[in-house]
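Q: I would like to learn to read a helix and its salt bridges. Can we go through them step by step?

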Amino acid sequence: MNYGILPAIGQLPANIAVLDFSGLIVEVNNGWRLFGRENGLATANHCIGQDYLAACRQDASSDVLTRELEDLIAGRRQLVMRWYPCHHPDQLKRWFILLGARDDDGKRIVISHIDVTVVLNAGVMARLETGDHDARLHS
């Protein structure tokens with residue numbers, strides 16, 4: 001199923017999935033596909049047709065996020081925003097912001113994962129340069 005939303009947002013520097021109101025992934029953008037390939041995503045069709053919330057429920061540290069996304073899907077909230085670590089064993093620590101929002105016509109949820117590692121590292125570096133030697137990122 002193609003809702004036609006991705007031509008407008010498909011090239012954004014974010015990993016984007018569009019969900020229907022049962023929580024199934026119905027579309028993903030190029031950023032999502034690329035991130036999956038680079039990080040060993042081993043699912044068919046880039047997770048299209050899979051239950052996004054089921055994946056969240058598998059991670060015990062995602063309990064609050066899962067509840068917030070359930071509320072978003074149920075219409076009890078309009079926006080979800082959460083910082084989270086997404087560290088790769090062979091790389092430096094990575095940090096993302098998840099933004100989830102209902103679309104205007106109420107037919108879908110857009111989930112965007114934005115890599116903010118560079119921004120956070122720049123902030124840490126700026127603090128270190130001003131003498132804050134306790135500046136660091138915690139996971």
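Q: Which residues of helix α2 are buried?
A: Buried means under 20% relative accessible area, exposed over 50%, partly exposed in between (1.4 Å probe, protein chains only). In α2, residues 30-38, the buried ones are Gly31, Trp32 and Gly36. They share one side of α2, because their arc around the axis is only 135 degrees. That arc is taken from the directions from the helix axis to the C-beta atoms. Helices (H or I, at least four residues) and strands (E, at least two) are DSSP runs, numbered from the N terminus. This is a predicted model: local features need pLDDT of at least 70, side-chain atom pairs count only at pLDDT 80 or more, and totals for chains, interfaces and linings use all residues. Residues are numbered from 1 along each chain as its sequence is written, and side-chain values use heavy atoms, without hydrogens and water.

Q: What does the face turned away from the buried side of α2 carry?
A: That face holds Arg37 and Glu38, both exposed.

Q: What covers the buried residues of α2?
A: The cover includes β1 (15-19), β2 (25-28), α3 (52-57) and β5 (109-115). Contact here means heavy atoms within 4.5 Å.

Q: How many salt bridges are there?
A: A salt bridge puts a side-chain nitrogen of Lys or Arg within 4 Å of a carboxyl oxygen of Asp or Glu. The count is four. One of them joins Arg82 and Glu68, with closest N and O atoms 2.6 Å apart. Arg82 sits in strand β3 (residues 79-85) and Glu68 in helix α4 (residues 63-74), 14 residues apart.

Q: Are Asp103 and Arg108 buried or exposed?
A: Both are buried. They also form a salt bridge, at 3.0 Å between the closest N and O atoms.
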